[in-house]
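Biologist: I am new to this structure. Please show me how to read its features one by one.

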Amino acid sequence: MKESNNTVVFTGAGMDTESNIPDFRGKDGWWRKIDPKSVATIDSFHSNYEVFREFYSTRLKLLKNVKPHKGHYILADFEKRGIIKSIATQNVSGLHSSAGNQKLYELHGNINVIKCENCNAKGTLKDFLDGKSCSVCKKEELRPAVVLFGEQLPKDAWDLAYDSIKQSELLLVIGTSLEVYPVNQLPKLSKGKVVLINNEDLGLDSDFDMKIIGKAKAVLEQLDSLI
Ligand code: OAD
């Protein structure tokens with residue numbers, strides 16, 4: 001990290017678990033209890049809106065009292081000090097921006113932004129949680145602006161993440177199972193060193209120059225004290 005002139009960070013749900021947000025495939029992850037096809041696909045949105053709304057309402061309510069942890073703040077400080085250039089994230093929590101990161105590419109959207117699927121107008125969180133219709137077109141189509149399975153990723157975020165990772169001299173991949181396409185292809189683009197920081201070993205030995213098996217917060221604290 002001291003030698004690299006271009007360090008980029010790529011995060012997944014494991015970055016947020018120590019802020020008490022469950023991940024998806026870890027031992028207490030959402031997809032251990034719920035089939036993602038029933039709640040996180042564009043088909044589920046159209047065919048079973050109430051179940052879809054209940055799932056995202058539960059997640060939004062969980063986020064109400066959630067704050068970034070020390071690891072998020074260290075990454076924000078790294079950006080300020082020029083130690084990292086940007087963060088590409090799969091997380092929809094918004095915790096990297098709450099911690100202060102500015103160059104942030106949210107590849108799967110942001111759960112706190114509500115929009116109407118029908119007319120694209122912005123909605124309020126309250127209207128979504130209360131099960132209200134869109135105030136503009138009056139259809140029952142409010143949803144969080146997250147990427148559902150079966151949908152395209154936001155082009156701007158994708159292009160910026162793609163370019164930054166491609167140019168990186170060092171890529172830190174933190175807290176992701178790398179199971180979800182196409183984002184799981186991004187680490188392969190880096191021409192520099194790629195380091196995994198994850199609490200479980202993902203295998204995939206040929207994809208990483210180094211693996212640090214540990215919790216995101218503790219590893220970032222150690223890195224911070226060493227730098
Ligand atoms: P996953 O839940 O698939 O992977 C999280 C990884 O982080 C697992 O390997 C965990 O063991 C690890 N982990 C958990 N807590 C950790 C900690 N404190 N420190 C380090 N590692 C930790 O989450 P993602 O890879 O982000 O997409 O999932 C990718 C996408 O799948 C999500 O964006 C979401 C989901 O379905 C959509 O809904 C479209």
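Biologist: How many Å is an oxygen atom of the ligand from a polar backbone atom of glycine 175?

Modeller: First, the ground rules. This is a predicted model, in which local features need pLDDT of at least 70 and side-chain atom pairs count only at pLDDT 80 or more, while totals for chains, interfaces and linings use all residues. Residues are numbered from 1 along each chain as its sequence is written, and side-chain values use heavy atoms, with hydrogens and water left out. A polar contact is a pair of N or O atoms within 3.5 Å; within protein, one must be able to donate a hydrogen and the other to accept it, and residues adjacent in sequence count only if both atoms are side-chain atoms. Here the distance to glycine 175 is 3.4 Å.

Biologist: Which N or O atom lies 2.6 Å from an oxygen atom of the ligand?

Modeller: One in the side chain of threonine 176. A polar side-chain atom of histidine 108 lies 2.7 Å from a ligand oxygen. The protein buries 95% of the 790 Å² that the ligand exposes when taken alone (accessible areas by the Shrake-Rupley method with a 1.4 Å probe; for residues, only the protein chains shown count as cover).

Biologist: How many residues surround the ligand?

Modeller: A residue is near a molecule or strand if one of its heavy atoms lies within 4 Å of it. By that rule 26 residues surround the ligand, and the closest are His108, Thr176, Ser177, Asn199 and Glu200. By class, the shell has 9 nonpolar, 12 polar and 5 charged residues (Ala, Val, Leu, Ile, Met, Phe, Trp, Tyr, Cys and Pro count as nonpolar, Asp, Glu, Lys and Arg as charged, and the others, Gly among them, as polar).

Biologist: How many helices and strands has the protein chain?

Modeller: Helices (H or I, at least four residues) and strands (E, at least two) are DSSP runs, numbered from the N terminus. The protein chain has 8 helices and 9 strands. Its C-alpha trace spans about 55 × 30 × 30 Å along the principal axes.
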